[in-house]
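In this notebook I record what I looked up, entry by entry. The structure and its sequence come first.

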Amino acid sequence: KDVRRAIEQYHGKGIAEKLNTFINQMARDGVETAATNRTIDSIRINFTTSILPLKPAVGLKQIPSMFAYISEMNVGDFFTGVGNFWKNWKSNYDFLMANSKGYKARISQGHERDIRTAMDKYGSRRMVGKRGFVDWLFINIRLGDAFAVTQGMWAKMTAELKAMGVTKETATPEQIQTAIEAAEDTTIRTQPSFGIDSLSSFQNAGSWFKIMAMFQNQPNKYFRI
């Protein structure tokens, strides 16, 4: 109650109500039953599946987004980190997959709200360890995102470790985890994302709001930056 009262006093009732909305959305895992329209959701999913896959330009456009990480770190550290990643890229990729739950979820489940929804609808074969057809349709755009995010996250992680005065080899598990969490936070703020805690209330709302917010994930992130 004290925290809520302080929020209202310093920031107003509007912000307090907005926080309540976000908390309720997270409690319901983003499912607004009363505002859900299955027909509209199907249109959104089918449109996403028809317009994005198999277009090389869409995948290539994901790659330059890696430079958005520079908004939250030193330019020199960014390029040093990218160079460090490519010195042993397979081992470093495996390291991120093993130590970052956010990175692993992004690579395996999709990186954007509508893409992930489409993969969830058509990707039931993944429950038995198989890849669905839609998974392969989105491979070009997902590879572009993975190419950008992997380098950006590695650069941010190594920059955080450098600020602590350690390297990946000398850092403690706690320091590694702190650096990875910083990289995950930067990724959420600068890259397309699907987590309900990373989207605006408009993007998290009912079916009609979601269909009106299609393809606005990355522009919204750039606007915030």
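The entries below cover helix contacts, a salt bridge and a surface patch.

**Entry 1: the model.** I noted at the outset that this is a predicted model.

**Entry 2: helix 1 and helix 2.** I looked up how helix 1 (residues 2–11) lies against helix 2 (residues 13–27). Their axes come within 7 Å and cross at roughly 135°. I therefore recorded helix 1 as oblique to helix 2. I then listed the residues that meet: Arg4, Ile7, Glu8 and His11 from helix 1, and Lys13, Ile15, Ala16, Leu19 and Asn20 from helix 2. Sorted by class, the residues of this contact are four nonpolar, two polar and three charged.

Entry 3: Side chains of opposite charge can pair when their charged atoms come close. Which side chain meets Asp2 in a salt bridge? I found that the partner is Arg5, with 2.9 Å from N to O; the cut-off for a salt bridge is 4 Å. Asp2 and Arg5 are about one helical turn apart, because they are three residues apart in helix 1. For the model I noted a count of nine salt bridges.

**Entry 4: helix 5 and helix 6.** I next examined helix 5 (residues 75–87) and helix 6 (residues 89–99), whose axes come within 5 Å and cross at roughly 105°. Helix 5 is therefore roughly perpendicular to helix 6. In this contact, helix 5 contributes Asn84, Phe85, Trp86 and Lys87, while helix 6 contributes Trp89, Asn92 and Tyr93. By class I recorded four nonpolar residues, two polar and one charged.

**Entry 5: a nonpolar surface patch.** Which residues form the nonpolar patch on the surface? I listed Phe202, Trp208, Phe209 and Met212, which together have about 450 Å² of accessible area. Helix 13 (residues 207–212) supplies the largest share of the patch, three residues. Phe209 has its place in helix 13.

Key:
Residues are numbered from 1 along each chain as its sequence is written. This is a predicted model: local features need pLDDT of at least 70, side-chain atom pairs count only at pLDDT 80 or more; totals for chains, interfaces and linings use all residues. Side-chain values use heavy atoms; hydrogens and water are left out. Axes are lines fitted to C-alpha atoms, for helices over the stretch in contact, and angles run from 0 to 180 degrees between N-to-C directions. Helices (H or I, at least four residues) and strands (E, at least two) are DSSP runs, numbered from the N terminus. Angles under 35 degrees count as roughly parallel, over 145 as roughly antiparallel, 65 to 115 as roughly perpendicular and the rest as oblique. Contact means heavy atoms within 4.5 Å. Ala, Val, Leu, Ile, Met, Phe, Trp, Tyr, Cys and Pro count as nonpolar, Asp, Glu, Lys and Arg as charged, and the others, Gly among them, as polar. Patches are made of residues with over 30% relative accessible area and no salt bridge: like charges are joined within 9 Å, nonpolar side chains (Val, Leu, Ile, Met, Phe, Trp, Tyr) within 5 Å. Accessible areas come from the Shrake-Rupley method with a 1.4 Å probe; for residues, only the protein chains shown count as cover.
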